[in-house]
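Welcome! Have a look at the sequence and the structure below, and keep them open while you read.

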Amino acid sequence: MSSMKKTGLILLCAAALCGCTQNSAQEPAEKAEKPLAGDAYTLFSEEITSAEKPSSASYSVLSEYQFRFSDDTLSYYTMDGVLESDDENEEAHLTQHILANGMNSNMESYYYDDTLFNEYNGITYYENMTFSNVKELMLVPLEPYAFPEQLIEAITAEESTEGNHIYTITVAENSRKDYFGSHYDFYGVSAYDDAVIKSGTVVDTFDAEGRWIGEKAEFVSEFTYQEQKIEATYTSEVSVFNLNATVAAVNDEQREAHQSYVAAADIDTSQIAGEGSYDDTPEETVSATFKKRLINRLGYEEIEGGAVQMIYNTNEAYTVDFENKTFIYSNYSINYVYSWQGDLISMGACTYDFGKDLANSECTDSTLEKMKDVKNYLVMELYYCGLSFEDLQAEN
């Protein structure tokens with residue numbers, strides 16, 4: 001991937017908000033069970049070359065800068081977001097949540113007809129840009145980089161228990177500053193004259209079908225600002241899902257609402273302030289964080305028993321029951337009940353075990369297909385809350 005061109009009002013606003021906040025700890029990298037046979041760089045190059053570019057995909061993104069000052073105090077900048085990208089039709093839907101300087105900033109955007117229609121902390125506007133510009137707004141690369149061998153200090157290739165191929169790349173010392181600066185460093189740490197990138201690691205994952213499904217990166221740097229030495233640790237994580245199955249279509253009602261948006265050039269960005277009306281910081285547990293953000297970010301309401309629920313289209317509902325660790329999708333009188341603890345789902349007499357890929361005789365193909373969709377509904381709600389399905393299951 002070529003260096004990322006930082007464009008768009010969203011990005012300018014995000015960069016201006018960098019500051020102090022806390023973020024939940026990221027999950028460790030997926031445990032790899034055994035090395036792949038063959039030269040790691042050759043295997044990686046073959047995967048990069050043969051991987052098909054999806055016609056559509058969804059991307060969950062987490063990125064964070066942690067700044068450690070000479071007195072050991074810390075400050076943070078954190079962003080999490082989701083991009084639903086229909087590359088074939090050049091349409092997209094994205095959300096971003098930024099925590100900085102004690103402020104919450106929330107963005108939701110739709111892209112079609114070469115235009116981004118955005119709502120940023122209650123302010124609505126449109127901005128003309130290319131489809132590739134939209135992907136750049138997520139601040140991290142959304143496709144793997146074909147590393148030339150001279151940029152690599154070390155590389156390992158391993159296979160996980162799920163059959164995924166995991167490549168861990170240590171970026172060569174003399175290449176770290178340029179690579180970090182052109183691919184990840186939206187804060188501009190590497191631009192300081194005395195900046196030193198002390199370490200840099202990129203972990204790319206391909207599934208058993210050879211599709212790129214995610215990347216984790218970590219770069220540790222040191223620089224001087226106002227005569228003070230600062231150590232900056234950058235981390236990011238991208239998860240790719242719904243490959244060739246993502247729909248980002250905009251309905252007629254949304255298109256009509258977008259007609260009232262003003263041009264980005266007509267907005268005084270100094271008037272845009274962070275939303276301080278709710279607390280978005282992580283709680284002690286993943287479940288508690290999920291519950292709080294379902295209510296604050298997505299408009300769920302708490303119901304009897306401590307569960308939360310979202311009702312839409314008058315006949316459909318999502319319910320998250322934390323006491324019983326279940327997610328329920330209801331459509332009229334039909335209820336799909338998914339247990340994230342057991343990775344099981346039921347609808348009437350039909351029961352399906354995701355882990356074992358086993359269904360009982362009462363299940364039809366169409367019911368099983370819907371059950372897989374329902375689990376994905378939960379996965380999407382987690383991603384919109386800056387969490388992952390693995391986060392939720394890990395605390396059981």
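This report visits a few places in the model, one heading at a time.

## Before we start

Please keep in mind that this is a predicted model.

## A charged residue on the inside

Let's begin with Glu47, which sits in helix α2, spanning residues 40-50. Glu47 is buried, yet no salt bridge is found for this residue. How far away is the nearest side chain of opposite charge? That side chain belongs to Arg211, and the distance is 10 Å. For a salt bridge, the charged atoms would have to lie within 4 Å.

Glu47 does have a polar contact, though: its side chain and that of Tyr167 are joined at 2.9 Å. Setting aside residues up to four places away in sequence, Glu47 touches Tyr167 together with His165, Phe206 and Gly210.

Now turn to strands β17 (residues 326-331) and β18 (residues 334-339), which pair in the antiparallel sense over 6 bridges.

## A lysine on helix α7

Is Lys372 buried, exposed or partly exposed? Its relative accessibility is 42%, so Lys372 counts as partly exposed, because that class lies between the cut-offs of 20% and 50%. You can find Lys372 in helix α7, which covers residues 365-384.

Beyond its neighbours within four places in sequence, Lys372 is in contact with Tyr352 and Phe354. Phe354 is 18 residues away from Lys372 along the chain, and their C-alpha atoms are separated by 8.6 Å.

## Two nonpolar cores

Which residues touch the most other members of the largest nonpolar core? They are Phe147 and Phe219, in a core of 60 residues. Not counting residues up to four places away in sequence, the contacts of Phe219 include Val171, Tyr179, Phe180, Ile197 and Val202, as well as Ala232 and Tyr234.

There is also a second, separate core of 33 residues. Among its members are Tyr329, Trp340, Val374 and Tyr383.

Definitions and conventions
Residues numbered from 1 in each chain as written. Predicted model: local features only at pLDDT ≥ 70, side-chain atom pairs only at ≥ 80, totals over all residues. Heavy atoms only, no water. Helix = DSSP H or I, 4+ residues; strand = E, 2+ residues; numbered from the N terminus. Buried < 20%, exposed > 50% of the residue type's maximum accessible area, 1.4 Å probe, protein only. Lys, Arg positive; Asp, Glu negative; His and termini not counted. Polar contact = N/O pair within 3.5 Å; in protein donor to acceptor, adjacent residues only side chain to side chain. Contact = heavy atoms within 4.5 Å. Pairing = 2+ DSSP bridges. Core = buried A, V, L, I, M, F, W, Y, C linked by side-chain atoms within 4.5 Å.
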